[in-house]
Amino acid sequence: MNIASKEELQKEIIGIIANNLDVSREEVTLEKRFLEDLGADSLDIVELVMALEETYDIEVSEDEEKQLQTVRAVVEFATNLPCLMALT
């Protein structure tokens, strides 16, 4: 994977979120909450986490998953992972 910056990583994550939740990229802003704003349900969240795990070869614990309630939380979680920070 070739990610040149945190901004590119953010764009890529927003794309993954949009694809998994079947919404437009424009709808996926950092302030959006998955359940309340983007219409996701608990299964959607599980599938989103699985997509992120597969894409970035990471593991997200159940406790970490519970904290990922907004787009910003997912982006910050990913950009703070040592394995992804090394790519930026």
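Buried residues have under 20% relative accessible area, exposed residues over 50%, and partly exposed residues fall in between (1.4 Å probe, protein chains only). The model is predicted: local features need pLDDT of at least 70, side-chain atom pairs count only at pLDDT 80 or more, and totals for chains, interfaces and linings use all residues. Residues are numbered from 1 along each chain as its sequence is written, and side-chain values use heavy atoms, with hydrogens and water left out.

**View 1. The salt bridge between R33 and D37.** A salt bridge is a side-chain nitrogen of Lys or Arg within 4 Å of a carboxyl oxygen of Asp or Glu. In this pair the closest N and O atoms are 3.2 Å apart. R33 is partly exposed, with a relative accessible area of 38%. D37 is also partly exposed, at 34% relative accessibility.

**View 2. The salt bridge between E31 and R72.** The structure holds 2 salt bridges; in this one the N to O distance is 2.9 Å. E31 lies in the loop between α1 (6–21) and α2, and R72 in helix α4, so the pair ties together parts that are 41 residues apart in sequence. Helices are DSSP runs of H or I with at least four residues, and strands are runs of E with at least two, numbered from the N terminus. E31 counts as exposed at 52% relative accessibility, whereas R72 counts as partly exposed at 33%.

**View 3. Helix α4, residues 71–79.** Of the 9 residues of α4, 7 are buried, so this helix is largely enclosed by the rest of the structure. The buried residues are V71, A73, V74, V75, F77, A78 and T79. In the chain of 88 residues, 40% count as buried.

**View 4. The largest pocket.** A pocket is an open set of points on a 1 Å grid over the protein atoms alone, where a 1.4 Å probe fits, with protein on both sides within 12 Å along at least five of seven lines; lining residues have an atom within 4 Å of a point. The largest pocket holds about 160 Å³ of space. Its lining includes R33, F34, I45, K66 and Q69. Helix α2 (42–56) and helix α3 each supply at least two lining residues, and the largest share, 3 residues, comes from α2.

**View 5. K66 in helix α3, residues 62–67.** K66 counts as exposed, at 53% relative accessibility. K66 and I45 are 21 residues apart in sequence, and their C-alpha atoms are 9.4 Å apart in space. Both K66 and I45 line the largest pocket.

Definitions and conventions:
Grid points are joined across faces, edges and corners, and a volume is the space filled by probe spheres set on the points.
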